[in-house]
Amino acid sequence: MKVGASRLLGYAALLAIGAAAPYLFPNYQSQMAELWLFIVFALTWDLVGGQMGYNSFGNVVFIGVGMYVCAITQVGLFYSVAEYNAAKGGGQTVFTFDVAQYLEGLALGLPLAAVSAGIVAAILGSAVLGMRGHYFAICTLGLGVAAGQIANGWEWIGAGSGMVVPHAPSGIGDTARFYYYFAFVLAVITFIVVAWLYTTRFGLAINAIRDDEDKAEAMGLPTTRIKVSAWVISALFLGVAGGILGNLKRFIDPIEVAFAGATFGVWMVLMAILGGKGTLWGPVIGAVVFQVLKEVFWTYLLGWQRVALGLMIVLIVVFFPQGILGFLRDRFPERFGHKVDPALARGAGGAAE
């Protein structure tokens with residue numbers, strides 16, 4: 001009972017800190033909003049990559065789909081999308097949005113982003129989730145590259161020139177703070193849904209697929225349907241995250257922002273591994289540590305920041321293959337609810353010596 005109460009108090013404290021953060025650190029609102037989105041990226045990747053054992057490099061497709069669908073909806077409700085993008089960002093004085101229009105565009109754009117990403121995941125998942133191991137990983141990597149090239153050549157959505165997201169009217173107030181709370185609420189909802197899923201039969205099913213898919217099939221589990229469902233769930237949250245990120249960035253480049261496999265696509269994998277994939281809190285911890293280190297690199301190692309990130313990836317894979325949580329669980333098993341026999345512990349220490 002006491003453990004449950006202390007846990008609830010801990011969650012309440014974290015929520016309070018998250019809600020107050022924009023006022024406590026007003027100069028870092030955009031970075032903190034990005035952190036919440038990174039937590040969504042890591043949690044949703046781990047649902048498929050950590051809990052189900054299917055390492056995907058294609059989740060970035062759902063971010064890009066959500067980003068474009070949300071922006072197109074925001075524009076298309078009131079103006080011609082083709083004319084808006086033909087202006088190449090120079091028509092912001094012509095294509096203006098009042099507060100009601102802006103909010104209406106978001107209210108419809110974000111749900112449509114989720115639905116569109118989910119539909120794409122269902123279609124792609126039905127086609128590629130029959131593959132396993134590195135074949136699946138390579139295939140999903142190709143999906144991200146292909147999606148970026150399609151967007152790069154599609155004039156209606158701006159092609160290689162990109163798409164300028166509608167500017168927020170002055171009545172919205174602080175835009176960074178506005179989208180911070182969107183990202184914060186999305187991250188909280190994602191965490192709650194993922195945590196609940198792991199306690200259900202669905203959570204047991206995806207773990208069974210990870211441990212031995214052939215045995216899971218022999219036991220009668222509809223593995224393909226379960227795998228597609230897991231990918232669709234991930235895509236729903238990533239679609240919304242993409243819509244928020246596009247508005248936060250204010251400009252959608254098809255390669256560098258929307259379908260950025262070299263950054264977002266790799267980072268979400270790295271964050272889950274850094275914290276400890278296959279766990280609930282590991283992706284959250286990994287996202288926090290990664291975002292802090294990324295900002296430090298971008299501030300103090302400008303020009304060498306990508307080299308530093310590359311070295312960090314190597315260090316994580318070599319020295320922390322089980323992630324931060326895995327490392328802590330091995331060092332302090334009692335803190336994680338594992339009983340250790342003192343005699344066995346001493347015997348292990350003596351053997352090590």
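Which charged end sits over the ring of Tyr23? Select Tyr23 and look above its ring: the charged end of Arg177 is there, 4.3 Å from the ring centre. Keep in mind that this is a predicted model.

Now colour the aromatic residues. The model holds 26 aromatic pairs. Start with Tyr11 and Trp281. Their rings are stacked, with 6.0 Å centre to centre and 15° between the planes. Tyr11 lies in helix α1 (residues 2-24), while Trp281 lies in the loop between α11 (261-275) and α12 (282-300), so the pair ties together parts that are 270 residues apart in sequence. Tyr11 is partly exposed, at 31% relative accessibility. Trp281 is partly exposed too, with a relative accessible area of 31%.

Next, select Tyr84 and Phe95. The ring centres are 5.4 Å apart and the planes stand at 70°; the cut-off for edge-to-face is over 60 degrees, so this pair is edge-to-face. Tyr84 lies in helix α4 (residues 81-86) and Phe95 in the loop between α4 and α5 (99-128), so the pair links parts 11 residues apart in sequence. Buried or exposed? Tyr84 is buried, at 4% relative accessibility. Phe95 is buried as well, with a relative accessible area of 11%.

Last stop: select Phe38, Phe41, Phe264, Trp267, Phe290 and Trp298, which form one aromatic cluster. The charged end of Lys294 sits over the Trp298 ring, 5.4 Å from its centre.

Methods
Residues are numbered from 1 along each chain as its sequence is written. This is a predicted model: local features need pLDDT of at least 70, side-chain atom pairs count only at pLDDT 80 or more; totals for chains, interfaces and linings use all residues. Side-chain values use heavy atoms; hydrogens and water are left out. Rings of Phe, Tyr and Trp (its six-membered ring) pair if their centres lie within 6.5 Å; planes under 30 degrees apart count as stacked, over 60 as edge-to-face and the rest as tilted. Helices (H or I, at least four residues) and strands (E, at least two) are DSSP runs, numbered from the N terminus. Buried means under 20% relative accessible area, exposed over 50%, partly exposed in between (1.4 Å probe, protein chains only). A charge sits over a ring if NZ of Lys or CZ of Arg is within 6 Å of the ring centre and within 35 degrees of the ring normal.
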